[in-house]
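Welcome, and please open your viewer. Keep the selection tool ready, and we will go from stop to stop together.

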Amino acid sequence: MKPVVKISTIQFRMLVMLYTIGSTIVIAPAAMTVDSKQTAWIPAILGVACGFVLVKVYIALGFLFEDKNLVEINDVVFGKYLGKGVSCLFVLSTVITCSRIVYYVGSFLNTHIMMETPLLAIHIIFMLVVVFGARLGLETIARCCEIFFPWFVGLLGIFIFSLTPQMKLENLMPLMDIHLKPLTHSVLIFLSITYFTFAPLMMMIFPLHLRKPEKGAKALMSGSLLGGFIMVIVIFSCIIVIGSYHSSTTMFPVYEMAKRIEVGNFLQGIEVIIAIIWFLTLFFKVSLYFHASIAGLCHIFNINETRFLTLPMGLIVTTFSIIVYPTVTYQKTWLAETWIPYSFLMGALYPFILLIIGWIRFKPAKIKIKKIIKST
């Protein structure tokens with residue numbers, strides 16, 4: 001057996017933050033302002049609060065089976081054969097979601113920056129970097145995150161600061177014009193893009209691959225909260241800069257907001273900043289999904305060496321990324337009608353079922369779990 005790769009608490013916190021932001025930074029403002037309009041920042045705050053509770057479930061599940069990853073937990077909870085079946089569904093889910101994120105990268109570049117470049121070429125180049133990172137391993141990805149994180153924070157700070165001249169607080173009016181149905185739907189949208197995606201990925205790393213698992217629980221809490229509040233700031237900025245109408249009708253409102261940056265007569269046309277920020281967060285999100293897919297597949301087929309699976313899995317993800325959304329209409333329909341219940345099943349109901357069954361079957365672990373949850 002190969003030794004388990006370990007990463008530091010700081011690296012894990014940075015990974016959680018960038019993973020939380022991921023594709024959310026471009027998708028969430030448009031999706032949430034459709035229902036909640038100028039008050040979309042309110043359900044975003046409520047989404048962070050709900051996500052805080054959900055992360056507690058992930059922490060409890062992680063410490064109930066602290067020496068196992070998610071696919072190994074399936075075997076313990078559901079039995080050998082049913083557990084393998086659930087793990088197969090988990091791997092399929094991570095591959096499809098990974099392909100969806102790669103599609104967003106290609107769609108964004110093909111629409112705004114590299115209009116002449118074939119979509120497939122963009123996907124291939126992006127996935128080559130992901131495959132290379134996966135071959136080097138989780139520890140290398142975590143170190144890479146540690147290097148790029150200050151750049152992410154710096155660029156995001158410049159981006160928000162540069163938008164201050166274009167901010168119009170009147171875009172928030174009427175301030176509390178929100179109803180229960182759009183509020184609930186917007187909260188679910190926020191959760192589906194951020195915290196509902198935590199279960200498959202965080203449970204493949206936390207706490208098994210952490211040097212100090214108990215400190216890792218606090219890192220998971222703080223990283224997810226910080227990432228969530230950054231998203232609240234981004235959604236709030238979209239509303240006060242370009243308004244709720246343009247935010248809801250534009251496919252990539254954050255990029256459109258960045259195009260309006262103009263400080264004096266010299267700082268303008270720097271919308272590429274948001275592209276760099278997005279590529280950094282998406283790379284780590286796709287890398288973690290990719291790692292989870294390969295780790296799950298290796299467990300299902302009892303394979304110890306993971307590196308030789310990276311290239312075939314990369315080809316599968318690249319192929320799926322071209323066919324996962326045949327048209328833009330299909331994409332919008334799928335996101336509106338299927339994504340929320342699907343993400344709720346994978347990100348909330350599934351880990352909750354694992355926790356309940358594990359709680360019943362492994363009673364001696366209850367005291368330890370209670371102490372750790374209280375400490376976080």
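By class, 15 nonpolar, nine polar and four charged residues make up the lining of the second largest pocket. Keep in mind as you look around that this is a predicted model. The volume of this second largest pocket is about 650 Å³. To find the spot, select Ile27, Ala30, Ala31, Lys332 and Leu335, which are the closest to the pocket's centre among the 28 residues that line it.

Next, colour the elements that give two or more residues to this lining: helix 2 (24-36), helix 5, helix 8 (180-193), helix 10 (213-249), helix 12 (272-300) and helix 14. Which of them gives the most to the lining of the second largest pocket? Helix 14 does, with six residues.

Select residues 80-112 for helix 5 and residues 328-361 for helix 14; their axes come within 13 Å and cross at roughly 140 degrees. Because of that angle, helix 5 counts as oblique to helix 14. The crossing of these two helices is left-handed.

For the last stop, show the side chains where the two helices meet. On helix 5, pick Val86, Phe90, Ser93, Thr97, Arg100, Tyr103 and Tyr104. On helix 14, pick Val328, Gln331, Trp334, Leu335, Trp339, Tyr342, Met346 and Tyr350. Sorted by class, this contact between helix 5 and helix 14 has eleven nonpolar, three polar and one charged residues. You have met Leu335 already: this residue is in the contact with helix 5 and is also one of those closest to the centre of the second largest pocket.

Key. Residues numbered from 1 in each chain as written. Predicted model: local features only at pLDDT ≥ 70, side-chain atom pairs only at ≥ 80, totals over all residues. Heavy atoms only, no water. Axes fitted to C-alpha atoms, helices over the stretch in contact; angles between N-to-C directions. Helix = DSSP H or I, 4+ residues; strand = E, 2+ residues; numbered from the N terminus. Parallel < 35°, antiparallel > 145°, perpendicular 65-115°, else oblique. Left-handed = near helix turned anticlockwise from the far one by under 90°. Contact = heavy atoms within 4.5 Å. Nonpolar A, V, L, I, M, F, W, Y, C, P; charged D, E, K, R; others polar. 1 Å grid on protein atoms, 1.4 Å probe; cavity = no way out; pocket = protein on both sides within 12 Å on 5 of 7 lines; lining within 4 Å. Points joined across faces, edges and corners; volume = space filled by probe spheres on them.
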